[in-house]
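Subject: Structure for your files

Hello,

Here is the structure we talked about handing over. My notes on it follow below the entry.

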Amino acid sequence: MESFVERQKIKEEKRQEKLELLRGSMEPTHEPMLCKKSLDITAKNKGKSSFLERQQDAQLAKQRKDLLLERKTRDRECTFRPRISAKGMEQRARSVEELSTGDALRKEAMQEALRLRAQHQEMKGATFQPRILKTGPGVQGRLQILSDPETYIARVQQEQMEHDRKIIQHQMDQQDAELAECTFQPQIHQAPSYVTRIARSMAQTRSENTPRQPQKLAPEKTWR
């Protein structure tokens with residue numbers, strides 16, 4: 001009986017060993033199968049840079065290659081070649097600030113100079129010079145704001161009224177001058193006597209037929 005149990009135990013151990021071997025062969029190792037050339041490249045780049053750095057270098061190389069290809073294509077269409085003199089070759093290259101802000105400031109200064117020149121040319125034709133009177137020490141201004149500020153508003157109103165009166169008088173004089181040219185005078189005849197009697201009788205009849213309105217009595221005062 002003991003020998004049977006021992007044989008079963010040995011078989012179970014062998015079966016477990018086979019299962020372990022089978023399980024080990026079936027589980028993924030997460031290691032890609034690489035060819036010989038890929039293994040050589042991996043061994044060559046091992047320890048130099050990481051995968052992301054190699055991807056970035058490859059992307060930069062691709063962009064550099066595309067830029068060179070675009071420049072070659074563009075250069076085929078652009079056949080113009082500037083002629084640079086020996087003096088131009090000796091001059092130094094301009095900096096970024098000179099190419100950006102320097103050119104903008106130079107352009108603005110040139111526009112300001114052109115504007116001042118045009119303004120100067122325009123002012124040459126203006127020959128008018130006002131004649132300024134020199135006032136004495138006792139002369140005061142017409143408004144007298146500093147000497148008599150309290151009556152300033154009253155004086156301004158008085159001047160405005162005088163100005164309006166002059167305008168009305170001018171309009172009346174202009175109307176009288178226009179009416180003086182109208183020489184037509186209508187001839188007025190007296191109405192016949194029977195027309196006058198008819199008008200008088202109609203007016204009397206109208207006054208008699210008009211009902212008289214009763215006089216309104218004043219309300220009595222009520223004392224409270």
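Lys-36 is exposed, with a relative accessible area of 65%. Its side chain meets that of Asp-40 in a salt bridge, at 3.4 Å from N to O. Asp-40 is partly exposed, at 43% relative accessible area. Both residues belong to helix α2, which covers residues 36-45, and they sit four residues apart, or about one turn of the helix. Please keep in mind that this is a predicted model, and that the values here are computed from it.

The pair just described is one of several. As background, side chains of opposite charge can pair when their charged atoms come close.

- Glu-112 and Arg-115: the side chains meet in a salt bridge at 2.4 Å, N to O. The two residues are separated by about one helical turn because they are three residues apart in helix α5 (residues 96-123). Glu-112 is partly exposed, with a relative accessible area of 36%, and Arg-115 is partly exposed as well, at 45%.
- Arg-165 and Glu-162: the closest N and O atoms of this salt bridge are 2.5 Å apart. Both residues lie in helix α6, three residues apart, which is about one turn of the helix. Arg-165 has a relative accessible area of 47% and is partly exposed; Glu-162 is partly exposed too, at 30%.

Next, the fold as a whole. The protein chain has seven helices and zero strands. Read from the N terminus, the order of elements is α-α-α-α-α-α-α. How much of the chain is buried? Buried residues make up 0% of its 224 residues. The cut-off for that label is a relative accessible area under 20%. The protein chain exposes about 24000 Å², and carbon and sulfur atoms supply 57% of that area.

Arg-7, Lys-11, Lys-14 and Lys-18 form a positive surface patch. Lys-11, one of these residues, is found in helix α1, which spans residues 2-26. Lys-11 counts as exposed because its relative accessible area is 56% and the label applies to values over 50%.

The other is nonpolar. It covers about 580 Å² and is made by Leu-143, Ile-145, Leu-146, Tyr-152, Ile-153 and Val-156. Within this group, Ile-153 has its place in helix α6, residues 152-180. Ile-153 counts as exposed, at 56% relative accessibility. Helix α6 also holds the Arg-165 and Glu-162 pair listed above.

Last, the cysteines. How many disulfides does a search of the whole structure find? The search finds zero. For the accessibility of individual cysteines, Cys-35 is partly exposed, with a relative accessible area of 45%, whereas Cys-182 counts as exposed at 53%.

The model is predicted.

Regards

Terms used. Residues are numbered from 1 along each chain as its sequence is written. This is a predicted model: local features need pLDDT of at least 70, side-chain atom pairs count only at pLDDT 80 or more; totals for chains, interfaces and linings use all residues. Side-chain values use heavy atoms; hydrogens and water are left out. Patches are made of residues with over 30% relative accessible area and no salt bridge: like charges are joined within 9 Å, nonpolar side chains (Val, Leu, Ile, Met, Phe, Trp, Tyr) within 5 Å. Accessible areas come from the Shrake-Rupley method with a 1.4 Å probe; for residues, only the protein chains shown count as cover. A salt bridge is a side-chain nitrogen of Lys or Arg within 4 Å of a carboxyl oxygen of Asp or Glu. Lys and Arg count as positive and Asp and Glu as negative; His and the chain ends are not counted. The place of a charge is taken as NZ of Lys, CZ of Arg, CG of Asp or CD of Glu. Buried means under 20% relative accessible area, exposed over 50%, partly exposed in between (1.4 Å probe, protein chains only). A disulfide is a pair of cysteine sulfur atoms within 2.5 Å.
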